[in-house]
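Could you walk me through this two-part model, one question at a time?

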Amino acid sequence: MKRSRIPLVTMMLCLVFFYLPIVILVVNSFNQSRFSSRWGGFSLKWYEKLFADRSIWFALKNTAIIASAATVTSMVLGTLAAFVLHRYASRLQKLHYTLVYTPLVVPDILMGMSLLLLFASMNIQLGLTTIYLAHVTFCISYVAMVVLARLQDFDFSVIEAAQDLGANAWQIATGIFLPLLAPGILAGGLLAFTLSIDDFVITFFVSGPGSSTLPIRIYTMMKHGNPPVINALSTLLLVVTFVLVWLSQKLNVERSTA
Amino acid sequence: MTWGPRTKETLLSLPSMVWLIGLFLVPTLLVFAISFRPSTPFGGVGEGWTLETIRGLANPNYPTIIWRTVWISLSTTAICLTLAVPCAYFMARAPVRWRSFLVMLVIIPFWTNFLIRIFAWKIMLHPEGLLKKFLLMLHLVEPRTILMYNEGAVLLVLVYSYLSFAILPIYAATEKFDFGLLEAAQDLGATRLRALVQIFLPGISRGMITAALVVFIPALGSYVIPEIVGGPSSEMIGNKIAQRVFVDRNLPHASGLSALLTLAVVVPMLLVLMLQRRSPSGLSKPEGRA
């Protein structure tokens with residue numbers, strides 16, 4: 001059977017479409033000239049400017065604090081939720097599943113808006129704490145979904161065997177369950193961490209004075225022109241993304257060979 | 001210490017359920033409630049109940065903006081699906097060792113920071129940018145043409161942002177599709193087009209429905225993309241919500257608009273749920289959907 005060329009051509013065009021703007025952005029971060037269509041020679045001056053900007057370091061610190069705290073909390077809550085959802089099939093779990101699933105499909109702006117209303121009507125001061133609460137809320141669902149997928153091929157007879165041999169609930173949780181499920185929980189945590197670092201819309205609605213995160217800083221710079229410093233910052237963030245994707249793919253491979 | 005299974009289940013469900021009820025369900029309901037509250041001059045929410053916001057929603061600009069939001073979101077979804085189906089087909093038919101590499105290439109933009117992707121396009125579309133130079137060279141645009149601040153730019157960047165969302169679920173469905181069916185149909189005399197439309201597309205319909213949802217719903221709520229590459233003539237409902245919050249500090253009005261958007265999101269979701277109930281296998285004949 002003769003194969004059509006349409007799929008190949010579309011795939012190639014889509015890959016060019018995906019990567020061309022990113023490549024141009026990276027190349028420009030080393031461009032002496034501030035215009036993307038003119039090559040002014042190789043330069044690291046945008047990186048020097050970036051590292052000299054104190055507001056960026058401040059935003060980076062906030063981002064790191066929020067992302068770490070939100071990742072740990074959502075890993076605990078998400079894993080627990082996935083375990084319960086997998087273990088029990090009741091009306092309560094149907095409701096539980098809807099609660100875990102719905103945040104995944106709600107547009108960011110609605111989540112940001114509704115949380116802002118909650119904090120405003122309770123007179124809670126906007127700041128790092130409100131951002132943390134918001135991030136955990138959307139991260140729980142992602143962690144729960146990733147762990148739930150891993151639980152599908154989890155062999156529960158191991159746990160029954162341990163129970164027969166007299167292990168208590170704590171021994172089963174820490175000795176069997178967590179080590180076996182660790183790659184799944186880590187993959188979920190990695191996703192939560194990336195989502196927290198990246199989130200702009202929800203954070204923007206629930207942030208207050210002095211709680212700028214990196215995306216908020218980038219947005220503010222973008223609104224006021226096209227400073228080439230953003231190219232340098234974006235390039236560094238892209239490197240971080242590549243490492244995170246590579247790590248999570250590795251976790252995937254380990255799972256399929258295990 | 002021993003607990004009954006019911007108590008144990010409830011206790012274990014409690015942490016995530018309490019968190020999500022308190023910080024997701026209650027706030028979502030608040031959106032509807034605060035739509036009926038008066039606004040205060042200092043950007044807060046007043047006491048008592050009023051229909052002020054509901055009357056405010058009759059603003060003659062809103063129908064245009066709502067129509068534009070729906071139109072742009074539908075176009076984004078249609079373009080993404082049209083591009084994603086051939087891509088997914090190519091990926092699923094590629095040799096196995098190539099597949100994970102291709103998936104990785106599609107996943108990377110999906111993990112890349114959303115603002116960076118928009119910024120990359122802002123540079124491309126800039127009057128001094130590469131795309132303009134390229135189009136000028138081909139004599140496709142005039143030197144005065146502005147590529148940004150219009151609906152076309154918003155649509156382009158939306159497609160760019162959500163295309164990988166569309167490819168992944170369609171690829172997942174295509175990978176499970178039995179391509180032998182296509183050859184069988186052609187052996188039995190069906191043309192290639194007929195085999196594709198009547199066998200392949202229904203076979204991957206579940207993936208396509210998921211893809212349509214994960215593109216359409218976030219597109220309806222877009223706010224940053226029209227804010228950065230769009231102009232006043234390409235504002236979407238998300239921009240209006242943000243303006244009411246950050247510019248006018250009128251939270252009840254913003255709530256009213258958000259409540260409208262919530263309803264707009266719920267309708268397609270319920271529709272899909274109903275569709276999936278009716279054809280659990282996802283292999284129903286296309287005629288059956290009418």
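This is a predicted model: local features need pLDDT of at least 70, side-chain atom pairs count only at pLDDT 80 or more; totals for chains, interfaces and linings use all residues.

Residues are numbered from 1 along each chain as its sequence is written, chains are lettered from A and ligands numbered from 1 in the order in which they are written, and side-chain values use heavy atoms, with hydrogens and water left out.

Me: Happy to start simple: how many helices and strands does chain A have?
Reply: Helices (H or I, at least four residues) and strands (E, at least two) are DSSP runs, numbered from the N terminus. Read from the N terminus on, chain A runs α-α-α-α-α-α-α-α-α-α-α, and its C-alpha trace spans about 70 × 65 × 30 Å along the principal axes. The count for chain A is 11 helices and zero strands.

Me: And what does the C-alpha trace of chain B span along its principal axes?
Reply: Chain B has 13 helices and zero strands. Its C-alpha trace spans, along the principal axes, about 75 × 70 × 40 Å.

Me: How much area do chain A and chain B bury between them?
Reply: The size of an interface is often given as the accessible area lost when the parts come together; here buried area is the accessible area (1.4 Å probe) that two parts lose on being put together, summed over both. Taking contact as heavy atoms within 4.5 Å, 87 residues of chain A touch 81 residues of chain B. Of the area buried between the two chains, 79% is on carbon and sulfur atoms, and the total is about 7,800 Å².

Me: Which residues in chain A lose the most area to chain B?
Reply: Three residues stand out on that side, and together they make up 9% of what it buries. They are A:Phe17, A:Phe18 and A:Met222.

Me: Which residue forms a salt bridge with A:Lys223?
Reply: A salt bridge is a side-chain nitrogen of Lys or Arg within 4 Å of a carboxyl oxygen of Asp or Glu. Across the interface of chain A and chain B, that rule finds one. The closest N and O atoms are 3.0 Å apart, and the partner of A:Lys223 is B:Glu227.

Me: Is helix 1 of chain A roughly perpendicular or roughly parallel to helix 3 of chain B?
Reply: Helix 1 (residues 6–28) of chain A packs on helix 3 (residues 61–93) of chain B with the axes 8 Å apart, at an angle of about 110 degrees. The arrangement of helix 1 of chain A and helix 3 of chain B is therefore roughly perpendicular.

Me: Which residues of helix 1 of chain A meet helix 3 of chain B?
Reply: On the chain B side, the residues are B:Leu83, B:Pro86, B:Cys87, B:Tyr89, B:Phe90 and B:Met91. Those of helix 1 are A:Pro7, A:Leu8, A:Thr10, A:Met11 and A:Cys14.

Me: Within chain B, how many residues apart are B:Arg68 and B:Glu151?
Reply: The side chains of B:Arg68 and B:Glu151 meet in a salt bridge (3.1 Å, N to O). The pair links distant parts of the chain, with B:Arg68 in helix 3 and B:Glu151 in helix 7 (residues 151–176), and the separation is 83 residues.

Me: How far apart in space are B:Leu57 and B:Leu257, C-alpha to C-alpha?
Reply: B:Leu57 lies in the loop between helix 2 (52–56) and helix 3 of chain B. Leaving aside neighbours within four places in sequence, its contacts include B:His253, B:Leu257 and B:Leu260. B:Leu57 and B:Leu257 are 200 residues apart in sequence, and their C-alpha distance is 7.5 Å.

Technical notes
Axes are lines fitted to C-alpha atoms, for helices over the stretch in contact, and angles run from 0 to 180 degrees between N-to-C directions. Angles under 35 degrees count as roughly parallel, over 145 as roughly antiparallel, 65 to 115 as roughly perpendicular and the rest as oblique.
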